[in-house]
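Let us walk through this structure step by step. Keep the sequence and the 3D view side by side as you read.

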Amino acid sequence: MALDKATVTKIARLARVRVAESDKDGLAGELSGILAFIEQLNEIDTKGVEPMTSVVAMPLPRREDKVTDGGKQDDILANAPEKTAGFFTIPKVIE
Amino acid sequence: MTAPTPALLKGATGDWELIIGLEVHAQVTSNSKLFSGASTEFGAEPNTQVSLIDAAFPGMLPVINAFVVEQAVRTGLGLNAQINLRSVFDRKNYFYPDLPAGYQISQYKQPIVGEGIVTVELRDGSVREVGIERLHLEQDAGKSLHDQHPKLTYVDLNRAGVALMEIVSKPDLRSGEEAGEYVKKLRTILRYLGTCDGNMEQGSLRCDVNVSVRKPGAPLGTRCEIKNVNSVRFLQQAVDFESRRQIEELEAGRAIKQETRLYDANTGETRSMRSKEEAHDYRYFPDPDLLPLELTPDFVARIKASLPELPDAKAARLEKELGIAPYQARVLVMEKESADYFEAFVAAVQKRTGKAQKDIGQDCANVVVTELFGALNKDSKSIESSPISPTALAGLQALKMDGTISGPTAKKVFEEMYATGKDASAIVEEKGLRQVSDTGALEAMVDKVITENPKQVEQFRGGKETVITFFVGQIMKASRGTANPAMVTELLKKKLAK
Amino acid sequence: MTSLTDLTLAEARDGLRAKKFSAAELARAHVDAMIAARPLNAFISETPVIAKAMADESDKRIARGDARPLEGLPLAIKDLFCTKGVRTTAASHILEPFVPTYESTVTQKLWNDGAVMLGKVNLDEFAMGSSNETSYFGPVENPWRKPGDNKSRVPGGSSGGSAAAVSARFALAATGTDTGGSIRQPAAFCGIVGIKPTYGRCSRFGIVAFASSLDQAGPMTRTVKDAAIMLRSMCGFDPKDSTSVDMAVPDFEKALTGNIRGLKVGIPEEYRVDGMPKEIEAIWTKGAEWLKAAGAILKPVKLPLTKYALPTYYIVAPAECSSNLARYDGVRFGLREKGEDLTAMYEGTRASGFGREVRRRILIGTYVLSAGYYDAYYLKAQRVRTLIARDFENAFKEVDVLLTPTAPSSAFARGEKTADPIAMYLNDVFTVPASLAGLPGISVPAGLSSDGLPLGLQLIGRAYDEETVLRTAGVLEQAANFTAKPQTWWKQ
């Protein structure tokens with residue numbers, strides 16, 4: 001399926017990646033090419049086939065309910081681009 | 001299922017039916033978070049209860065908390081619901097600053113718990129069964145503080161990753177009252193199960209409410225989701241406001257827009273949420289960092305065997321085995337702590353008096369519901385902070401039952417106990433409130449009052465037998481309530497008859 | 001004595017224990033080589049001070065007779081493994097300033113076993129690429145060039161820096177990660193050995209995620225024996241990774257018996273793809289003959305869905321990547337581009353922080369998961385993935401190991417495929433199927449192309465049967481007797 005400019009705008013917004021207006025046509029073409037490539041899968045009959053959830057055939061491991069982590073505000077904030085008084089800070093969000 | 005009684009709302013164009021479904025987010029009681037070992041405790045310094053996993057640092061991976069899984073199963077069983085032996089964790093993708101990974105780990109297509117039922121009693125005594133659609137586990141988000149700085153939002157991730165159960169009801173509710181009672185009942189069940197502390201102020205229990213209106217019998221209308229409803233009172237207000245708003249819109253010929261609205265507790269109104277305006281596309285897919293969660297029937301059976309008695313069963317037992325009136329039984333089981341108190345009280349009274357629970361149950365219920373709850377309510381105190389312990393209250397009850405003190409005296413002693421925390425027998429001794437049942441002493445009092453009130457004696461003997469209450473009153477007054485009223489009446493009858 | 005940098009990992013280990021040289025000397029030699037090889041652009045961060053300190057500690061241990069399995073052996077670490085206190089970039093602008101406060105499980109295990117860190121090596125941005133040309137820190141040069149030709153060759157990708165460092169002999173070995181061929185293809189392009197173990201063998205904890213259901217770490221070395229030694233240290237159950245397998249780690253070195261008599265080797269017909277260069281086909285045939293000569297039984301097998309593996313991969317991997325990379329939002333770590341509001345900050349940060357290929361994959365991944373397309377793309381791909389895994393299961397009922405080429409060509413020239421994403425993706429045509437099925441695969445250098453560039457052969461084994469894979473690889477290695485080395489043109 002060919003992907004149009006409007007769709008590029010929509011998915012770029014969903015993915016929070018700014019795409020310059022001038023790039024959209026080119027990108028739509030590239031992405032359409034990739035889609036055409038992956039659409040080869042339509043040739044395969046997958047009726048009744050379970051989708052793979054994991055290649056690992058084992059039960060989900062569970063951990064004990066113990067407090068083993070936390071108390072490391074310095075580590076959590078160590079790489080923060082901006083922080084104040086123990087908080088991360090970002091441009092104001094209006095609800 | 002009981003057919004809902006449509007509580008119709010009057011509009012300018014006729015009656016409207018209100019359709020409500022609830023999504024309750026209940027914080028799972030656990031020490032650590034759903035997928036990390038950080039603490040869940042409320043109220044810590046910002047970003048101190050955060051692991052690198054909660055903050056979604058590169059290369060961090062989730063590992064599920066075994067106890068939380070148990071808690072979800074326990075809750076499902078408590079809601080008479082289907083437990084799904086295989087469930088899958090999905091990623092719900094969206095960007096928000098308090099959602100560190102850019103996705104929430106939740107359960108979308110295959111939740112851990114399927115359909116169930118909650119029974120709700122309404123104020124008029126009618127009973128309604130509300131369907132549970134599903135219960136799934138998911139991560140809580142962090143907290144954004146918008147009011148700390150004029151240009152900045154502050155982000156605290158302490159809550160990020162705490163385990164939540166999202167309990168989704170079917171659209172079975174038809175009024176604000178029903179919605180409120182449903183939440184109360186759900187909260188009671190969760191607290192009995194010990195799977196959520198139900199603290200709405202701290203946000204341990206939060207509701208999103210889906211509201212739509214329709215003409216009776218018409219297909220379902222477009223619904224709006226109201227967020228941020230954090231008390232039962234607000235829930236009712238939000239539903240009332242929103243249903244009125246929708247009716248007005250529709251009657252003015254405007255369509256309802258499906259949207260997320262925010263409840264404002266200050267105004268009692270709901271308003272459209274700007275931040276949620278954008279079309280949602282959560283792009284759910286199974287989280288490749290986790291495997292499907294598989295439970296054995298044995299695991300479920302073990303949890304089932306360990307379930308506590310739940311409020312409905314307890315109320316039924318109180319009615320049947322202790323002979324308690326249905327209304328009082330329901331009041332007693334509303335809070336697990338109250339029920340525990342009551343049962344400890346009855347057991348203590350039984351131990352002191354040797355009487356069967358069914359013979360003392362109703363009287364005990366009266367004391368707790370009327371006296372104790374009355375006093376606690378007046379002071380806005382919870383049962384846990386009651387100044388009178390179940391054993392102490394049993395001490396008082398025993399004194400009343402064995403005739404040591406009279407009923408009216410018992411009330412006085414109760415007040416004294418409540419105020420001072422003193423023991424009942426100590427108060428009785430200290431104030432000389434012991435009921436006088438000594439025939440000799442009572443005879444003397446009776447003789448005295450007969451001698452002092454010849455006019456009333458004459459009236460009695462002239463056939464006006466009700467005057468006997470006058471004599472009893474006089475004696476009770478003279479004895480400061482300590483005279484045994486039954487014996488006094490007996491003696492009076494005998495002496496006056498002469 | 002051969003130069004210290006020419007030793008294999010095993011030789012260096014034995015030399016250290018025999019006190020023929022010190023760990024400090026070994027580290028020094030490699031640091032010098034690393035500095036001399038800067039024109040290759042293999043390193044993003046060099047850590048000579050750490051190398052020195054670790055080597056000194058190793059020397060103390062060796063003196064005490066307390067040497068650990070990898071004591072004093074200098075390694076290069078792909079800059080996708082988080083290293084405590086050492087910048088970890090994933091070769092992306094968005095993580096350019098990021099210094100982890102934690103260590104990945106795999107690197108921690110290597111340090112626990114006494115290995116020495118030389119630095120963090122270059123890769124395709126977020127491991128997305130097959131030529132190491134998508135790195136924000138610039139492309140890596142393949143140490144190999146056509147004789148008499150100055151044109152830059154790509155080292156393959158994504159573990160291009162790892163492959164170059166090992167091939168050019170300034171690291172004894174390196175860690176790699178493989179999502180669709182990122183260990184095996186660069187190993188083939190650079191004439192070294194690279195093994196991707198079974199999914200679940202190596203913990204993913206602390207490795208910057210690309211596609212979680214496919215990512216696996218593995219060693220990149222100059223010999224099969226070195227791969228066996230290093231793999232043993234990297235593997236093992238990790239309670240911090242829910243997909244980590246709780247299974248004993250064999251002594252892989254012991255599996256290298258050289259005996260493959262009676263072993264059934266499958267030759268999958270479908271790997272004979274259209275337009276495959278003759279010399280690739282020739283080396284493949286030669287490889288089969290070598291194994292047969294060593295007593296193996298060759299059997300043609302069918303893997304009918306082979307051609308659908310790449311399209312499947314290019315749905316699953318971008319889908320997972322679009323979600324895994326959502327955390328790079330400028331809030332808690334890494335780059336932040338200021339914006340007038342939150343959305344502007346997000347969009348600006350992610351547009352300038354991610355390179356073109358990463359953005360492209362995020363967009364494709366977002367699209368295939370979006371409402372209305374999920375079933376047609378993502379779910380369909382996961383169903384096909386089930387069928388691909390089933391293909392392998394069926395094949396392994398008949399054979400013990402599969403022999404295929406590693407890549408459809410030798411190292412291509414820089415810039416040759418950057419304009420056409422699909423042409424680039426086709427590099428992984430032989431490596432992706434095993435990745436989708438989670439199976440172990442190794443690339444062994446088997447010879448040189450007519451223009452003097454290395455060619456690799458791939459062996460794919462049953463899940464958790466790295467031992468058979470390694471044993472067969474050992475036989476292949478011995479038969480191929482690949483002794484060629486790249487010209488050290490960068491030293492001139």
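## Domains of chain B

The C-alpha centres of domain 1 and domain 3 of chain B lie 67 Å apart. This is a predicted model. Chain B is divided into three parts: domain 1 covers 9–304, domain 2 covers 311–431 and domain 3 covers 439–497.

Salt bridges come next. The count over all chains is 75. Take one of them in chain B: the side chains of B:Glu443 and B:Lys495 meet, with N to O at 3.7 Å. B:Glu443 sits in helix α12 (residues 439–452) of chain B, and B:Lys495 sits in helix α15 (residues 485–497) of chain B, so the bridge ties together parts 52 residues apart in sequence.

Are the two partners buried or exposed? B:Glu443 has 29% relative accessibility, so this residue counts as partly exposed. B:Lys495 has a relative accessible area of 15%, and buried means under 20%, so B:Lys495 is buried.

## Salt bridges within chain C

Chain C has its own examples. C:Asp6 and C:Lys485 form a salt bridge through their side chains, at 3.2 Å from N to O. This pair links distant parts of the chain, 479 residues apart. C:Asp6 is in the segment before α1 (9–17) of chain C, while C:Lys485 is in the segment after α15 (466–480) of chain C. C:Asp6 is partly exposed, with a relative accessible area of 27%. C:Lys485 is also partly exposed, at 40% relative accessibility.

Now look at C:Glu269 and C:Lys302. Their closest N and O atoms are 3.3 Å apart, and they form a salt bridge. C:Glu269 lies in the loop between β7 (264–268) and α8 (278–293) of chain C, and C:Lys302 lies in the loop between β8 (297–301) and α9 (306–324) of chain C, so the pair ties together parts 33 residues apart in sequence. C:Glu269 is partly exposed, with a relative accessible area of 38%. C:Lys302 has 54%, and exposed means over 50%, so C:Lys302 is exposed.

Salt bridges can also share partners. One network joins A:Glu30, C:Arg356, C:Glu357, C:Arg360 and C:Arg361.

The size of an interface is often given as the accessible area lost when the parts come together. Between chain C and chain B, the buried area is about 2,800 Å². Carbon and sulfur atoms give 60% of that area. Which residues of chain C lose the most area to chain B? They are C:Ser242, C:Arg327 and C:Arg332, together 22% of what that side buries.

Next, count the residues. In this interface, 39 residues of chain C are in contact with 30 residues of chain B.

## Links across the interface

How many salt bridges does the rule find across the interface of chain C and chain B? The rule finds 1. C:Arg204 forms a salt bridge with B:Asp289, and their closest N and O atoms are 3.1 Å apart. Polar contacts come to 15 residue pairs between chain C and chain B.

Several elements of chain C give two or more residues to the side that touches chain B: α9, α10 (342–353), α11 (356–369) and α12 (375–398). Among these, α9(C) gives the most, with 4 residues. By class, that side of chain C has 20 nonpolar, 10 polar and 9 charged residues.

How values were computed:
Residues are numbered from 1 along each chain as its sequence is written. Chains are lettered from A and ligands numbered from 1 in the order in which they are written. This is a predicted model: local features need pLDDT of at least 70, side-chain atom pairs count only at pLDDT 80 or more; totals for chains, interfaces and linings use all residues. Side-chain values use heavy atoms; hydrogens and water are left out. Domain bounds come from an automatic or database domain assignment. A salt bridge is a side-chain nitrogen of Lys or Arg within 4 Å of a carboxyl oxygen of Asp or Glu. Buried means under 20% relative accessible area, exposed over 50%, partly exposed in between (1.4 Å probe, protein chains only). Contact means heavy atoms within 4.5 Å. Buried area is the accessible area (1.4 Å probe) that two parts lose on being put together, summed over both. A polar contact is a pair of N or O atoms within 3.5 Å; within protein, one must be able to donate a hydrogen and the other to accept it, and residues adjacent in sequence count only if both atoms are side-chain atoms. Ala, Val, Leu, Ile, Met, Phe, Trp, Tyr, Cys and Pro count as nonpolar, Asp, Glu, Lys and Arg as charged, and the others, Gly among them, as polar.
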